[in-house]
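Dear colleague,

I am passing on a structure for you to look at, and my notes on it follow below. Please read them alongside the coordinates.

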Amino acid sequence: IRDTVRRSLEDSTGRALLLAFLIGDRSELDFDDRRLLTETGLSHLVAISGLHISLIAGLIGGVGLFALRRVPYVVRRMPAMIPAAWLGLVAAIFYAYLAGWQLPTQRAIVMLLVAVVFLTLRRSVMSWQVLAVAAFAVLVIDPMALVTASFWLSFVAVAVIGLVWQQTKALGAWQ
């Protein structure tokens, strides 16, 4: 994708920004571009975030679930959701590695890992408990994460999404 965009927009002034927004390639951004992204609050759009990691995990896990439910041997042994969740996690780890294995991607992988472990253990836990264990795991790995804005933004964003999700589930499918 990068090579195609580079060839089609050889010396275009917007090529660096297009590459950054399209595929997260920040290699061509100069100081002014980076400053513009920071000042406008758009710098998070060029980073591979937990949302991207979760989307990959969900997509691959969903395809795996669809396929595994059609294999009687697997379904008799365990709920198909468990190997599908691990498949999604492995895909997310691979994607995070391709994205450069930055701190936000590592944090997203830790959150997904905690959720998949709880699912595998078939533990009935509240979403806030999964979030708390994930936060603890992140802090064990990197205690200084506690003083970063990205740590708080990540966990607060996931908490808000969880609260909204719980409220919309109570409203019913149509709403």
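Does Trp-152 count as buried or as partly exposed? At 46% relative accessibility, Trp-152 counts as partly exposed, where buried means under 20% relative accessible area, exposed over 50% and partly exposed in between (1.4 Å probe, protein chains only).

Before the rest, some words on how to read these values. This is a predicted model, in which local features need pLDDT of at least 70 and side-chain atom pairs count only at pLDDT 80 or more, while totals for chains, interfaces and linings use all residues. Residues are numbered from 1 along each chain as its sequence is written, and side-chain values use heavy atoms, with hydrogens and water left out.

The protein chain has an average pLDDT (the predictor's confidence in each residue, from 0 to 100) of 84, and 93% of the residues score at least 70. Confidence is highest in helix H6 (residues 81-98), at a mean of 94, and lowest in helix H9 (residues 149-171), at 77; helices here are DSSP runs (H or I, at least four residues), numbered from the N terminus.

Turning to the rings, the structure holds 2 aromatic pairs, for which ring centres of Phe, Tyr and Trp (its six-membered ring) must lie within 6.5 Å, with planes under 30 degrees apart counted as stacked, over 60 as edge-to-face and the rest as tilted. Phe-151 and Trp-152 make an edge-to-face pair, 5.3 Å centre to centre with 90° between the planes. Phe-151 also pairs with Phe-155 in a tilted arrangement, at 4.7 Å centre to centre and 50° between the planes, and these two residues, being 4 residues apart in helix H9, are separated by about one helical turn. Phe-151, Trp-152 and Phe-155 form one aromatic cluster, in which Phe-151 is buried, with a relative accessible area of 3%, and Phe-155 is buried as well.

Both phenylalanines, Phe-151 and Phe-155, belong to the largest nonpolar core, which has 12 residues in all, including Val-110, Met-111 and Leu-131; such a core is a set of buried Ala, Val, Leu, Ile, Met, Phe, Trp, Tyr and Cys residues joined through side-chain atoms within 4.5 Å. Helix H7 (103-120), helix H8 (127-141) and H9 each give two or more residues to this core, and H8 gives the most, with 5 residues.

With kind regards
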